[in-house]
Amino acid sequence: MRSFFLFLSVILLGAGCGSGRKSGEGAGEAFRIEYARHYRVEHFRDYTLVDVLSPWDSLRLLRRYVLVDRERPLPVGLPEGNIVRTPLQRVVVYSAVHCGMLDELGVGDRIVGVCEPRYIDLDFIRDGVARGAIADLGEASSPDVEKVIDLAPDIIIASPFKNVGYGRIEKTAIPIMECVDYMEVTPLGRAEWMRFMALFFDRGQRADSLFRQTAAAYDSLCRMTDTVGVRPTVLSEKKYGSAWYVPGGRSYIANLYRDAGADYIWADDPTTGSVPLAFETVFEKGQGADFWLIKYNAPQELTYAELQTEYEPYRHFDAFKKRNIFVCNTGKTPYYEEMPMHPDRVLGDLIEIFHPGTIPGYRLRYFNRMRQ
């Protein structure tokens with residue numbers, strides 16, 4: 001099973017929609033952001049200012065980066081922040097999500113180290129680790145700091161969590177790229193973080209093109225569910241240890257369900273991240289849900305018998321009784337690697353599950369109906 005941090009970062013993301021704002025500093029050229037809420041960019045003659053905004057405190061700046069072309073002398077009088085020489089040449093990546101993003105931007109070869117490679121469903125990462133070209137740095141919650149230092153990366157790409165630090169790695173001089181894309185409020189808001197990432201690698205044109213394609217595909221699919229007559233109810237995930245973490249009602253996942261023409265049972269919850277609940281609380285509200293979606297990572301396929309063996313009370317949910325559970329084995333599909341940049345692909349699966357036949361000839365990409 002994935003580490004607790006990775007588990008949270010990908011099942012429970014953000015919620016809502018929004019656009020970026022000009023920072024108002026100096027006479028910089030504003031970078032137009034369409035959907036993402038948690039970063040802003042301003043271009044100046046000799047540098048680019050990139051701010052990451054805290055998703056937990058709207059008045060707090062999480063991190064500021066000052067990007068300077070590595071081929072030019074360092075300008076005098078730069079604003080305060082992490083000075084980063086671009087394009088980045090060597091990076092350490094904590095999550096499968098950002099490995100996939102770098103791969104799509106055409107800079108996967110800049111990755112020199114990763115955490116938890118067993119959970120990264122990308123051939124070039126697995127091959128690189130096997131050959132020793134990419135270092136296995138251990139768990140994302142406690143990476144091998146000495147190995148990281150030896151790699152001499154330009155930056156570490158990681159996902160911050162509320163009130164959780166980076167441990168010993170923060171005592172090194174290596175800057176950390178804090179990506180709160182998982183806390184964005186809409187699917188396209190998260191996808192737009194490919195444009196954020198591209199700034200550090202001089203891949204702006206590629207990112208802009210990919211994002212336009214994704215946004216157009218997503219909007220086209222959304223229109224297919226505008227007039228659905230019946231909106232089924234949906235429950236997601238399952239117990240993780242003693243708690244059942246559900247996506248908040250204003251989360252990325254909740255918005256995906258809405259756009260796919262379903263009613264999420266926690267839609268009235270105001271949370272943008274994850275919500276840990278007791279089984280009894282989930283059962284009280286989700287017992288009658290029409291569909292139940294589960295993501296898991298295992299060598300074998302999850303079945304109804306195995307799910308009941310794992311926790312016997314699961315059998316009392318209507319979706320269990322009616323065999324309306326759909327599962328995604330993230331160990332065998334590139335869900336985490338593709339979903340952040342291609343929410344349209346996940347949306348297609350959800351529409352086919354909730355309203356089969358709406359997309360002519362569609363075949364499920366990530367999910368499948370759970371077997372007996």
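The largest pocket in this predicted model holds about 410 Å³ of space. Of the 20 residues that line this pocket, His-43, Thr-48, Thr-86, Leu-199 and Asp-202 are the closest to its centre. If you sort the lining by class, you will find eight nonpolar, five polar and seven charged residues.

Where does the lining come from? Strand E4 (61-69), helix H6 (193-199) and helix H7 (204-224) each supply at least two of its residues.

Start with the length of H7. Its 21 residues, at 1.5 Å a residue, should span 30 Å, and the C-alpha atoms at its ends are 31 Å apart, which agrees.

Now look at which residues of H7 are tucked away. Its buried residues are Ala-207, Leu-210, Phe-211, Thr-214, Ala-215, Tyr-218, Leu-221 and Cys-222. Around the helix axis they cover an arc of only 135°, so they lie on the same side of H7.

Finally, see what the buried side meets. The buried residues of H7 pack against helix H2 (96-104), helix H5 (187-191), helix H8 (252-259) and helix H13 (343-354), as well as against H6. H6 is also one of the elements that supply at least two residues of the pocket lining, which brings you back to where you began.

Technical notes. Residues are numbered from 1 along each chain as its sequence is written. This is a predicted model: local features need pLDDT of at least 70, side-chain atom pairs count only at pLDDT 80 or more; totals for chains, interfaces and linings use all residues. Side-chain values use heavy atoms; hydrogens and water are left out. On a 1 Å grid over the protein atoms alone, a cavity is a set of points where a 1.4 Å probe fits but cannot get out, and a pocket is an open set with protein on both sides within 12 Å along at least five of seven lines; lining residues have an atom within 4 Å of a point. Grid points are joined across faces, edges and corners, and a volume is the space filled by probe spheres set on the points. Helices (H or I, at least four residues) and strands (E, at least two) are DSSP runs, numbered from the N terminus. Ala, Val, Leu, Ile, Met, Phe, Trp, Tyr, Cys and Pro count as nonpolar, Asp, Glu, Lys and Arg as charged, and the others, Gly among them, as polar. The expected span of a helix is 1.5 Å times one less than its number of residues. Buried means under 20% relative accessible area, exposed over 50%, partly exposed in between (1.4 Å probe, protein chains only). The arc is that of the directions from the helix axis to the C-beta atoms. Contact means heavy atoms within 4.5 Å.
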